[in-house]
Amino acid sequence: MAAQIPDRRRFVRQLVRHGGRGFAEEYGLPVLNNPANLYQLLSLAQILRGSADHRRATAAARALRDRGWNTAARMAASPDGERAAVLRAYDQRAAGTLARRLGAT
């Protein structure tokens, strides 16, 4: 089993090198191992959960990030109504409920 670990690591590196990092980075949300980026990924997942259109959901996540709400503390400090307005601009269903959930997270 121990001999397989280096092979698995090589395989994963090749996948990342040739296939990219994934859905989030494809839409401009970098996936890095730091709290702000991981929080943005969590926010994207919550927005995608209730969205019928992944393009609008990722645009909404970027819009929230661009407003400066890119960490849990900043999102929590932002007004629910402002978050809901941003989400409504991207046709997110139940924008008010989603805005409150993002603030609570």
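Tutor: In this predicted model, the lining of the largest cavity is formed by Leu29, Tyr39, Gln40, Ser43, Ala61, Leu64, Arg65, Trp69 and Met75. Sorted by class, that lining holds 6 nonpolar, 2 polar and 1 charged residues. The space inside the largest cavity is about 60 Å³, and a search of the whole structure finds 1 cavity of 30 Å³ or more. As for the method behind such a search, rolling a probe the size of a water molecule over the atoms shows where empty space is left.

Two helices deserve attention here. Helix H3 (35-49) and helix H4 (54-66) each contribute at least two residues to the lining of the largest cavity.

Let us take H3 to begin with. At its start, a side-chain oxygen of Asn34 comes to within 3.2 Å of the backbone nitrogen of Ala36. The length of H3 can be checked: at 1.5 Å a residue, its 15 residues should span 21 Å, and this agrees with the end C-alpha atoms, which are 21 Å apart. The buried residues of H3 are Asn37, Tyr39, Gln40, Ser43, Leu44, Gln46 and Ile47. Among the lining residues of the cavity are Tyr39, Gln40 and Ser43.

Leaving aside residues up to four places away in sequence, Ser43 touches Met75 and Leu102. Of these contacts, Met75 is also one of the residues that line the cavity.

Between H3 and H4 there is a loop, and Ala52 has its place in that loop. With a relative accessibility of 64%, Ala52 counts as exposed, since exposed means over 50%. From C-alpha to C-alpha, Ala52 and Val86 are 17 Å apart in space, and they are 34 residues apart in sequence.

We then reach H4. At the start of H4, a side-chain oxygen of Asp53 reaches to within 2.9 Å of the backbone nitrogen of Arg55. The 13 residues of H4 should span 18 Å at 1.5 Å a residue, and its end C-alpha atoms are 18 Å apart, so the two values agree. Its buried residues are Ala57, Thr58, Ala59, Ala60, Ala61, Ala63 and Leu64. The cavity lining includes Ala61, Leu64 and Arg65. Just after H4, Gly68 adopts a positive phi of about 95°, and Trp69 is one of the lining residues.

Technical notes:
Residues are numbered from 1 along each chain as its sequence is written. This is a predicted model: local features need pLDDT of at least 70, side-chain atom pairs count only at pLDDT 80 or more; totals for chains, interfaces and linings use all residues. Side-chain values use heavy atoms; hydrogens and water are left out. On a 1 Å grid over the protein atoms alone, a cavity is a set of points where a 1.4 Å probe fits but cannot get out, and a pocket is an open set with protein on both sides within 12 Å along at least five of seven lines; lining residues have an atom within 4 Å of a point. Grid points are joined across faces, edges and corners, and a volume is the space filled by probe spheres set on the points. Helices (H or I, at least four residues) and strands (E, at least two) are DSSP runs, numbered from the N terminus. Ala, Val, Leu, Ile, Met, Phe, Trp, Tyr, Cys and Pro count as nonpolar, Asp, Glu, Lys and Arg as charged, and the others, Gly among them, as polar. The expected span of a helix is 1.5 Å times one less than its number of residues. Buried means under 20% relative accessible area, exposed over 50%, partly exposed in between (1.4 Å probe, protein chains only). A polar contact is a pair of N or O atoms within 3.5 Å; within protein, one must be able to donate a hydrogen and the other to accept it, and residues adjacent in sequence count only if both atoms are side-chain atoms. Contact means heavy atoms within 4.5 Å.
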